[in-house]
Amino acid sequence: MRRWLPSPLLSLALLLMWLLLNQSAAPAHWLLGAVLGIVAPLLARPLQPHGHARLRRPLALFRLLRMAAIEIVRSCFNVTQIILLRRSADVNSQFIRVPLDLKSPHGLALLSCLINSTPGTVWVEILPERYELLLHVFDLHDEAWWVETIKTRYEQPIIEVFETPETRGDRR
């Protein structure tokens with residue numbers, strides 16, 4: 001079954017999305033949506049070298065996404081205020097390094113999306129030999145605050161969501 005339907009929930013979601021976008025429940029749309037739901041995950045399978053992500057604690061994921069949405073909105077206001085009300089000479093753009101305990105490729109991808117979605121921050125690079133994140137901050141005032149924020153507000157909940165106890169034990 002997994003060979004022809006590698007991701008049943010994704011297939012069902014694609015079928016439902018197809019029906020909603022076409023605003024029709026005609027048999028032809030059901031058939032085309034089902035074909036889309038089967039073919040798209042099969043074509044996308046080579047793009048997932050690490051397999052499917054297993055969500056260990058979905059409620060932690062929802063709390064993380066809620067907190068991230070609040071941070072994104074707050075950061076939008078802060079960056080807008082900096083751009084409109086300050087001189088460019090007063091802005092302190094800096095690169096900082098954040099040591100990471102997170103090893104899951106799916107967790108790292110989520111962390112990257114959250115950081116890059118937040119105005120004023122950009123994920124520049126991850127240094128794989130040391131698991132350090134190189135981060136650019138638009139207006140840096142306290143590097144320690146940024147490191148603590150990334151580690152406690154983002155990294156810890158992502159570890160809860162994606163990593164198993166066996167994976168967590170692999171740390172240096």
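This note goes through the structure point by point, from the confidence of the model to its sheet, its helices and a few single residues.

1. The structure is a predicted model, in which local features need a pLDDT of at least 70 and side-chain atom pairs count only at pLDDT 80 or more, whereas totals for chains, interfaces and linings use all residues. Residues are numbered from 1 along each chain as its sequence is written, and side-chain values use heavy atoms, with hydrogens and water left out.

2. The pLDDT is the predictor's confidence in each residue, on a scale from 0 to 100. The protein chain has an average pLDDT of 85, and 90% of the residues score at least 70. Helices (H or I, at least four residues) and strands (E, at least two) are DSSP runs, numbered from the N terminus. Confidence in the protein chain is highest in strand β1 (residues 94-99), with a mean of 92, and lowest in helix α6 (residues 165-168), with a mean of 55, and α6 should be read with that value in mind.

3. Which order do the strands take in the open sheet? The 3 strands follow the order β1-β3-β2, and their pairing is antiparallel; two strands pair if DSSP finds at least two bridges between them. The edge strands are β1 and β2 (121-127), each of which pairs on one side only. From one strand to the next the twist averages 25°, where axes are lines fitted to C-alpha atoms, for helices over the stretch in contact, and angles run from 0 to 180 degrees between N-to-C directions.

4. Strand β3 (residues 132-137) is joined to β2 by 6 bridges, and 6 bridges also join β1 to β3.

5. Why is β3 largely enclosed by the rest of the structure? The reason is that 5 of the 6 residues of β3 are buried, where buried means under 20% relative accessible area, exposed means over 50%, and partly exposed lies in between (1.4 Å probe, protein chains only).

6. Helix α4 (residues 105-117) lies across β2 and β3 and runs at about 150° to β2, while helix α5 (residues 143-162) lies across β1, β2 and β3 and runs at about 45° to β1.

7. Helix α5 has 20 residues and reaches 27 Å from its first C-alpha to its last, close to the 28 Å expected at 1.5 Å a residue; the expected span is 1.5 Å times one less than the number of residues. At Glu-155 the helix α5 bends by about 35°, and a proline, Pro-157, follows within four residues. The bend at a residue is the angle between axes fitted to the seven residues ending there and the seven starting there. The buried residues of α5 include Trp-146, Ile-150, Tyr-154, Glu-155, Pro-157 and Phe-162.

8. Most residues other than glycine have a negative phi, and two residues are worth checking on this point. Gln-23 has a positive phi of about 50° although it is not a glycine; Gln-23 lies in the loop between α1 (8-22) and α2 (27-44) and is exposed, with a relative accessible area of 73%. Tyr-131 likewise is not a glycine and has a positive phi of about 50°, and it belongs to the hairpin of β2 and β3, which has 4 residues between the strands. Tyr-131 is partly exposed, with a relative accessible area of 23%.

9. Is Ser-93 buried or partly exposed? Ser-93 is partly exposed, with a relative accessible area of 35%, and its place is in the loop between α3 (58-85) and β1. Not counting residues up to four places away in sequence, Ser-93 touches His-136, Val-137 and Phe-138. Ser-93 and Pro-157 are 64 residues apart in sequence and 27 Å apart in space, C-alpha to C-alpha.

10. Leu-20 lies in helix α1 and is exposed, with a relative accessible area of 63%. Leu-20 and Val-124 are 104 residues apart in sequence and 37 Å apart in space, C-alpha to C-alpha.

Note on methods
Contact = heavy atoms within 4.5 Å.
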